[in-house]
Amino acid sequence: MRVATIYDIHANYSALKAVLEEIRKAKVDQIVVGGDLAWGPEPRQVMELLMEYKDEFIFIRGNVDREVSYRHGKEQGLDDFTAELNHWCADQLTEEHLRFLKNLPKKKTLNIDGLGEVLFVHGSPRSDEEAIRINTNENEIRPMIENVSQDIIVCGHTHIQFDRMVDDKRIINPGSVGLQSRANGACWAILGPEVELKVTPYDTKSASERILKTNTPYKEDFAEHYLNPPYEGP
Ligand SMILES: [Mn+2]
């Protein structure tokens, strides 16, 4: 089995369309969507597109899928920006979308050609909001992965692509489809038989113009992010 992984779409419809087009050409057997689907400027459009594949793709739940679907806000200790976006995104979605996001599993295991058993999670194997970064100290990572039996772990959440070893575990982050850091394009990966980290260029100018016409809170910030992906630490 050869698998495409798409993580952290963050309601970027233009980037998702571009990546799905690339994946179609890549002839994979399965697509894993690694969470954080609908938090961002075009939640409704992205969920409607993804729902076309709800029985075909494999989905796991990210922290913002949980936060949006449960309408988390300031009562849960979130900052104004995140709280406002969570509520706005939830308001854009249908009850079916919200139910879908709420009920997604936290992890999934697949047997992939040339790689063996691979564990897919959103943050770390023990938390959807714990970050494993390209430079996170191994001593910090060890307790996060100590109960994992698979040799390969795929995670997202930090929006930066990497492929690193921690002891005998290989940890891969496909990067973010919709809110890239450091990459000029939508990031994803193919697994099997090798690991291929991909960057798909898309028209960020028209993507940002498109969202500036919506009523998304903080849309200028998203537009700026699309045009000039920030360098968010190492
Ligand atoms: Mn996340």
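Buried means under 20% relative accessible area, exposed means over 50%, and partly exposed lies in between. The exercises below use these cut-offs on a predicted model.

**Exercise 1. Classify E21, then describe its salt bridge with R24.**

Solution. 
Step 1. E21 has 41% relative accessibility, so E21 counts as partly exposed.
Step 2. The side chains of E21 and R24 form a salt bridge, with 3.1 Å from N to O.
Step 3. R24 and E21 are 3 residues apart in helix α1, which means that about one helical turn separates them.
Step 4. Side chains of opposite charge can pair when their charged atoms come close.

**Exercise 2. Describe the salt bridge between E42 and R210, and say whether each residue is buried or partly exposed.**

Solution. 
Step 1. The N to O distance between the two side chains is 2.7 Å.
Step 2. This pair links distant parts of the chain: E42 sits in the loop between β2 (30–33) and α2 (43–51), R210 sits in helix α7, and 168 residues separate them.
Step 3. E42 is at 2% relative accessibility and therefore counts as buried.
Step 4. R210 is at 32%, so R210 counts as partly exposed.

**Exercise 3. Which residues are linked with K198 in a network of salt bridges?**

Solution. 
Step 1. Start with the pair K198 and E196, whose side chains meet in a salt bridge of 3.5 Å, N to O.
Step 2. K198, at 26% relative accessibility, is partly exposed.
Step 3. E196 has a relative accessible area of 27% and is also partly exposed.
Step 4. The network consists of R2, E196 and K198.
Step 5. For the whole model, the count comes to 15 salt bridges.

**Exercise 4. Which residues supply the protein donors of the manganese ion, and how are they spaced in sequence?**

Solution. 
Step 1. The donors are D36 (OD), N63 (OD1), H122 (NE2) and H157 (ND1), at 2.1 to 2.3 Å from the ion.
Step 2. Written as a pattern, the spacing of these residues is D-x26-N-x58-H-x34-H.
Step 3. N63 has a relative accessible area of 7%, so N63 is buried.
Step 4. H122 is buried as well, at 1% relative accessibility.

**Exercise 5. Why do the buried residues of helix α8 line one face of the helix?**

Solution. 
Step 1. Helix α8 covers residues 219–227, and its buried residues are K219, F222, A223, H225 and Y226.
Step 2. Seen down the axis of α8, these residues fall within an arc of 160°, so they line one face.
Step 3. What covers them includes α4 (80–92) and α7 (204–212).

**Exercise 6. Is F162 buried or exposed, and which residues is F162 in contact with?**

Solution. 
Step 1. F162 belongs to strand β7 (residues 162–166).
Step 2. At 3% relative accessibility, F162 counts as buried.
Step 3. Leaving aside neighbours within four places in sequence, F162 is in contact with I132, R133, I134, C155, I171, I172, N173 and L197.

**Exercise 7. How compact is the protein for its length?**

Solution. 
Step 1. The secondary structure comes to 8 helices and 10 strands.
Step 2. The radius of gyration is 17 Å, close to the 17 Å that the globule rule gives for 234 residues, so the protein is as compact as a globular protein of that length.
Step 3. Along the principal axes, the C-alpha trace spans about 45 × 40 × 35 Å.
Step 4. Buried residues make up 58% of the 234 residues.
Step 5. Among contacts between residues at least 6 apart in sequence, 68% join residues at least 24 apart.

Terms used: Residues numbered from 1 in each chain as written. Predicted model: local features only at pLDDT ≥ 70, side-chain atom pairs only at ≥ 80, totals over all residues. Heavy atoms only, no water. Buried < 20%, exposed > 50% of the residue type's maximum accessible area, 1.4 Å probe, protein only. Helix = DSSP H or I, 4+ residues; strand = E, 2+ residues; numbered from the N terminus. Arc of directions from axis to C-beta. Contact = heavy atoms within 4.5 Å. Donors = N, O, S within 2.8 Å, 3.2 Å for Na, K, Ca; no water. Salt bridge = Lys/Arg side-chain N within 4 Å of Asp/Glu carboxyl O. Rg over C-alpha atoms; globule rule 2.2 N^0.38 Å.
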